[in-house]
Amino acid sequence: MSHSGQRTGLNAADTAPGDEHFDGREPGEGLGIYLIGLGLATLLTIVSFFIARTTLVWQPSIPVALAVLAIAQMGVHLVFFLHITTGPDNINNVMALAFGGADRPAASRRFALDHGEHEPQHDAYGSDHADAALTIVAPRSRHMPDARAPAALNEVPAHCAGKGSRPAPHRVVIVGGGAAGLELATRLGNTLGKRRVAEITLIERNRTHLWKPLLHAVAAGSMDPGQHELNYLAQAHWHHFRYRLGELIGLDRASKQVHLAAMQDEDGKEITAQRSLHYDTLVIAVGSVTNDFGTPGAAEHAIPLETAEQAVRFNRRLVNACIRADAQAGPVRPGQIHVAIIGAGATGTELAAELHQTAREIVAYGLDRVDPERDVRIFLVEAADRILPALPERISDATLKLLNALGVEVRTGVRVNEVTADGLRLANGDLLPAELVVWSAGIKAPTSLRNLDGLETNQLNQLVVSQTLQTTLDRDIFAIGDCAACPREGHATPIPPRAQAAHQQASHLLKQIPRRIAETPLQPFVYRDFGSLVSLGEYTTVGSLMGFLVGKSFFVEGYFARLMYRSLYVMHEIALYGGWKTLLGTLAQGLARRSRPLVKLH
């Protein structure tokens, strides 16, 4: 079956899904252009600030100069906003639409169609159907789902059936709403889903999304998840894809169906029954889970940081431990407010630094009987010979130096034999007293992928994929993110499970799925390592960035590194919300933070 994806009322050359350019630009180009414009506007702001600060004598010309700079900033934002919303070649066409004009180019016609204007249809002999064949292409209302759209918008006139009628949309099913899956669903919905070239469906067992690299901040209490969570149902409504509550439990590759488990609420009442969904293209992006390596007591006494619920659970236990220690009649017991973190990767190291600050903030809110210097201890245990073993040694050394200065007790080169209710029993026989234990050592893909209708997996349950991100045994199934074992050219090991890899793979599939619908060859995925950053709370940020111009990495720390770390999350937000909503949301969160406690106390 050929999935031409032509939209009634437009030439095939204008809307062919295999074309990598949407509205005259590649996906993601608008973001780059906007960031350039934002940089120019920021430069103008710095210049205006410099003028105001360096002028010793106030002159009447200065307010005029500042006003001109402000107007220039607004102009830059306006130009690049038009560039993003209408395409790089359509700014003049927008003006033409605003002021009229008899001969509008094809780009203007596309803009008009997308905003509800009419386009006459032509038969095989070039004549126009003036009445019944006239098609109205109207934008979907943000307040009216597709299911409730007027039937006339989805109907094809009877005499036109079989003569240019729209084919059945290509069904793209994405399993997993993490960073990779949600970004892909949102951006596909904004392109193929909005044009009804494809039907995009996202399957996720949770109701809300929180960027996984933020979980350590939620666990420490320095971030309120309610301020950063995204609702899947609302996101689907706003970005032209479908959200289905469910969890993958099986796959039938012969009939192209995914099987979903029945979902129940907290009271055990069924929400959705067990069901199956058909697909033409399946993308598996279920992420990863904690790998405790079968350590005795880990499942019962250690809290992993896989979901926002687990992070909130640990934070609540930390706050309760502090309140209990302050309210009890006797003195604080050894280990009562001790925290043991197993695994000194990025998550464990960041959590240790955050906890040092937030534990003191909690005690400062009236818990006078608790002395953080005496009663609060943080242990960081790593089996490798240094912390942050996957990162350059210079980053490990800088991070270790800071953690030692904070009083965090770091144990490297030692394994955990057992986790108990009172602490950790190490392989060397030491016992670390700690009633709060976090397991952040090692990840693996969910066990449900191990026997997924014969798909090839590795020892970590990851789906083995080729350079095109297609599974080795089924070219209709893709895997991205932490659950995929993707080969990396020049390396013996696959692409590391990092947020930047998931983002790059989602961006790559955004271009390849239209090519697949158009039945054109897919391009291979090339991973670019932009470096690694580790945020140590309010103290500092360290990391290495890849210098592609000089061919090697360079060490960064301090304010610049923190700004780069923050930009990673901003990029994720822009992919989901867009530039303007991200900017407004960031400003709102900054203002609201001034009226809330510095840490989460409930």
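## Reading strands, helices and cores

Q: Which way does strand β27 (residues 470-471) run against β28?
A: Antiparallel: 2 bridges join β27 to β28. Keep in mind that this is a predicted model.

Q: How many residues sit between β27 and β28 in their hairpin?
A: There are 2 residues between them.

Q: Which way does strand β15 (residues 281-284) run relative to β28?
A: This one is parallel, with 3 bridges joining β15 and β28. For a landmark, look at I284, which stands opposite A479 in β28.

Q: Why is strand β28 (residues 474-479) described as largely enclosed by the rest of the structure?
A: Count buried residues, taking a relative accessible area under 20% as the cut-off. In β28, 5 of the 6 residues are buried, so the strand is largely enclosed by the rest of the structure. For the background figure, buried residues make up 46% of the 602 residues in the protein.

Q: How do I read an open sheet: what is the strand order, for instance in the one with β11?
A: A general point to begin with: in a regular strand, side chains alternate between the two faces of the sheet. Here, 3 strands line up in the order β10-β11-β14, and their pairing is antiparallel. The edges are β10 (248-252) and β14 (275-278), each of which pairs on one side only. On average, neighbouring strands of this sheet are turned by 25° against each other, ignoring direction.

Q: Over how many bridges do β11 (residues 257-260) and β14 pair?
A: Over 4, in the antiparallel sense. One of the residues to look up is L260, which has R275 as its bridge partner in β14.

Q: Where could I look at another hairpin, and how many residues lie between β21 and β22?
A: That hairpin has 3 residues between its strands. Strand β21 (residues 416-419) and strand β22 (residues 423-426) run antiparallel and are joined by 3 bridges. V416 stands opposite L426 in β22.

Q: Now helices: at what angle do α6 and α14 cross?
A: Two packed helices are described by the angle between their axes and the distance between the axes. For α6 (residues 179-193) and α14 (residues 499-517), the axes come within 9 Å and cross at roughly 35°. The crossing is right-handed.

Q: Which residues of α6 meet α14?
A: From α6 you have A180, E183, L184, R187, L188, T191 and L192. Their counterparts in α14 include A502, A506, L509, L510 and I513.

Q: How many residues are in the largest nonpolar core?
A: It has 57, and the ones with the most contacts inside it are I174, L184, L188, V258 and L282. Helix α14 gives the largest share, 7 residues. A second, separate core of 49 residues includes A344, A352, A359 and L391.

Q: What does L184 touch?
A: Leaving out residues up to four places away in sequence, L184 touches I174, V283, I480, A506, L509 and L510.

Q: Zooming out, how many helices and strands does the protein have?
A: It has 16 helices and 32 strands. Take the contacts with a separation of 6 or more: 63% of them are between residues 24 or more positions apart.

Definitions and conventions
Residues are numbered from 1 along each chain as its sequence is written. This is a predicted model: local features need pLDDT of at least 70, side-chain atom pairs count only at pLDDT 80 or more; totals for chains, interfaces and linings use all residues. Side-chain values use heavy atoms; hydrogens and water are left out. Two strands pair if DSSP finds at least two bridges between them. Axes are lines fitted to C-alpha atoms, for helices over the stretch in contact, and angles run from 0 to 180 degrees between N-to-C directions. A crossing is left-handed if the near helix is turned anticlockwise from the far one by less than a right angle, and right-handed if clockwise. Contact means heavy atoms within 4.5 Å. A nonpolar core is a set of buried Ala, Val, Leu, Ile, Met, Phe, Trp, Tyr and Cys residues joined through side-chain atoms within 4.5 Å. Buried means under 20% relative accessible area, exposed over 50%, partly exposed in between (1.4 Å probe, protein chains only).
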